[in-house]
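Work through the two exercises below with the sequence and the model at hand, and try each task before you read its solution.

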Amino acid sequence: MAEIRSIKDIDRVKTLKEINEKQKTAADVYLKCGNSRQALLEAGYSKKTADNKIFRREFFQRSYIRAYMEEKLKNEGKVAGQREVMEYLTELLRGDITEEIVVDKQMVSRLPLLKDRSRAAELLGRHYGMYSRREEKEAQNKSIELKVDVDE
């Protein structure tokens, strides 16, 4: 068996083993509610342990707990991948998607606001490295004038 000298060694050994049911329950509840204290309490940990902020933080940062939660999220398809995010930002920028709003108690579809489309363009530009730090600051200081014709 591997020699254990520190907490990191324990994490490394634990990743090779299956986490216990109590830890799985805590991780599952945390994924559903996002509240670490509630997750630990529902999993059966004591109130004193669940109230300990340092324990909560360290518990959910353990590599084997994180690996379990990442695997659960990946299997459930709840986390958007890079490609999905880039496609969404591109659709938003181009105005290919619409949003539903309420006007006079009726649902109406409309194109995304110009500020939302501009933000999508900025995020895409940053991703593709189109700006240097200096160019980013200059871009923030300049105003952009766009004219949009709306056919009704």
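**Exercise 1.** List the buried residues of helix 2, and then check the span of this helix and describe its ends.

*Solution.* The buried residues of helix 2 are Gln23, Lys24, Ala26, Ala27 and Val29, where buried means under 20% relative accessible area, exposed over 50%, and partly exposed in between, with a 1.4 Å probe and protein chains only. The model is predicted, so local features need pLDDT of at least 70 and side-chain atom pairs pLDDT 80 or more, while totals for chains, interfaces and linings use all residues. Residues are numbered from 1 along each chain as its sequence is written, and side-chain values use heavy atoms, with hydrogens and water left out.

Next, take the span: helix 2 covers residues 21-33, and at 1.5 Å a residue its 13 residues should span 18 Å, which agrees with the 18 Å between its end C-alpha atoms. The expected span is 1.5 Å times one less than the number of residues.

Finally, look at the ends. Asparagine 20 caps the N-terminal end, with a side-chain oxygen 3.1 Å from the backbone nitrogen of lysine 22, and just after the helix glycine 34 takes a positive phi of about 75°.

**Exercise 2.** Describe phi and exposure for aspartate 104 and lysine 105.

*Solution.* Lysine 105, found in the loop between strand 1 and strand 2, has a positive phi of about 65° although it is not a glycine, and lysine 105 is exposed at 83% relative accessible area.

Definitions and conventions: Helix = DSSP H or I, 4+ residues; strand = E, 2+ residues; numbered from the N terminus. Polar contact = N/O pair within 3.5 Å; in protein donor to acceptor, adjacent residues only side chain to side chain.
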